Amino acid sequence: MGVRFAGVNIAGFDFGCTTDGTCVTSKVYPPLKNFTGSNNYPDGIGQMQHFVNEDGMTIFRLPVGWQYLVNNNLGGNLDSTSISKYDQLVQGCLSLGAYCIVDIHNYARWNGGIIGQGGPTNAQFTSLWSQLASKYASQSRVWFGIMNEPHDVNINTWAATVQEVVTAIRNAGATSQFISLPGNDWQSAGAFISDGSAAALSQVTNPDGSTTNLIFDVHKYLDSDNSGTHAECTTNNIDGAFSPLATWLRQNNRQAILTETGGGNVQSCIQDMCQQIQYLNQNSDVYLGYVGWGAGSFDSTYVLTETPTSSGNSWTDTSLVSSCLARKGGSGSGHHHHHH
């Protein structure tokens, strides 16, 4: 059968964000071809339409910086201009029948300070999520991605922050949508058990005490240091990450999703990525899906690009997407392109 969800990150609203949680909003590069009336921006919605129609994809993660959404006003309201632009991407995703992950891409930080650990207060963070949950409360296919890649946090303190966010999302009226629970160590799937993330986040519940649709959210790259910065791949991550995690998930009756994974468009990555995805498909009772990194505003100069190239009305996938990430057909060489 295979995993329920397969897709790609549509990046751009996160551009300018660095690992200390600083997001320079002037560097945002929206993957919206009609952005500010210009045609010089990437067509993220066209990419998603291609990924759905040609590649059978069903989910997209839409990274965005916290600072962008509130126009750099910590604890403030969603900025009407910013959220309307970001919402164009969300609505474009929803219009395709796909699930759409709203991903706050801030590394558990705001301008260097850790949320709930000397930086922003939990209340300032839950304010953001209460507003987003209220906006999307009626959209069953919006998935709330609480935070991208927490690192160097106190995991028990962080889990308490995550609990406050889950409660705020549910209390805002988004009572049944999926919510991502991200652990420490950059959400590493290989460290999720050993670094205490699994134990700490297992305590997070819905207001009714259940854990329904609270999904552990992990990342894993295939290069030598799990950084996602090298073209070549050295591991399929099965023995080191996904097999032990599958065992733990079954024992604890929980599920996870892989929301970032990728490699160069080279043979070593095609081999390892296809093996990794095959393993996930074979263990779809505990793995809900995978989301590749990344497309959207990334161009061909990016080492992990998964951005399809357009010619007229047809799109051509990168070799890693067509070989491994696509669910059907694929758009590699010789594939007949459908015109919309």
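**Disulfides in the model**

Guide: Start with Cys233 and Cys269: the torsion about their S-S bond is about 95°, so this disulfide is right-handed. Keep in mind that the model is predicted.

Visitor: Where do Cys233 and Cys269 lie?
Guide: Cys233 is in the loop between β8 (214-219) and α7 (238-251), and Cys269 is in helix α8 (residues 267-282), so the pair ties together parts that are 36 residues apart in sequence.

Visitor: Are Cys233 and Cys269 buried or exposed?
Guide: Both Cys233 and Cys269 are buried. Their S to S distance is 2.1 Å.

Visitor: How many disulfides does a search of the whole structure find?
Guide: The search turns up 4.

Visitor: What pattern do they follow?
Guide: Count the bonded cysteines along the chain, and the pattern is 1-2, 3-4, 5-6, 7-8.

Visitor: New topic. Which residue does Cys17 join?
Guide: Cys17 is joined to Cys23, at 2.1 Å from S to S. The torsion about that S-S bond is about 110°, so the link of Cys17 and Cys23 is right-handed.

Visitor: And is Cys17 buried or exposed?
Guide: Buried, as the relative accessible area of Cys17 is 15%. Cys23 is buried too, at 7% relative accessibility.

Visitor: What about Cys93 and Cys100, left-handed or right-handed?
Guide: Left-handed, with -100° about the S-S bond of Cys93 and Cys100. The S to S distance there is 2.1 Å.

Visitor: Is Cys93 buried or exposed?
Guide: Cys93 has 0% relative accessibility, so it counts as buried. Cys100 is at 1% and also counts as buried.

Terms used
Residues numbered from 1 in each chain as written. Predicted model: local features only at pLDDT ≥ 70, side-chain atom pairs only at ≥ 80, totals over all residues. Heavy atoms only, no water. Disulfide = S-S within 2.5 Å. Buried < 20%, exposed > 50% of the residue type's maximum accessible area, 1.4 Å probe, protein only. Helix = DSSP H or I, 4+ residues; strand = E, 2+ residues; numbered from the N terminus.
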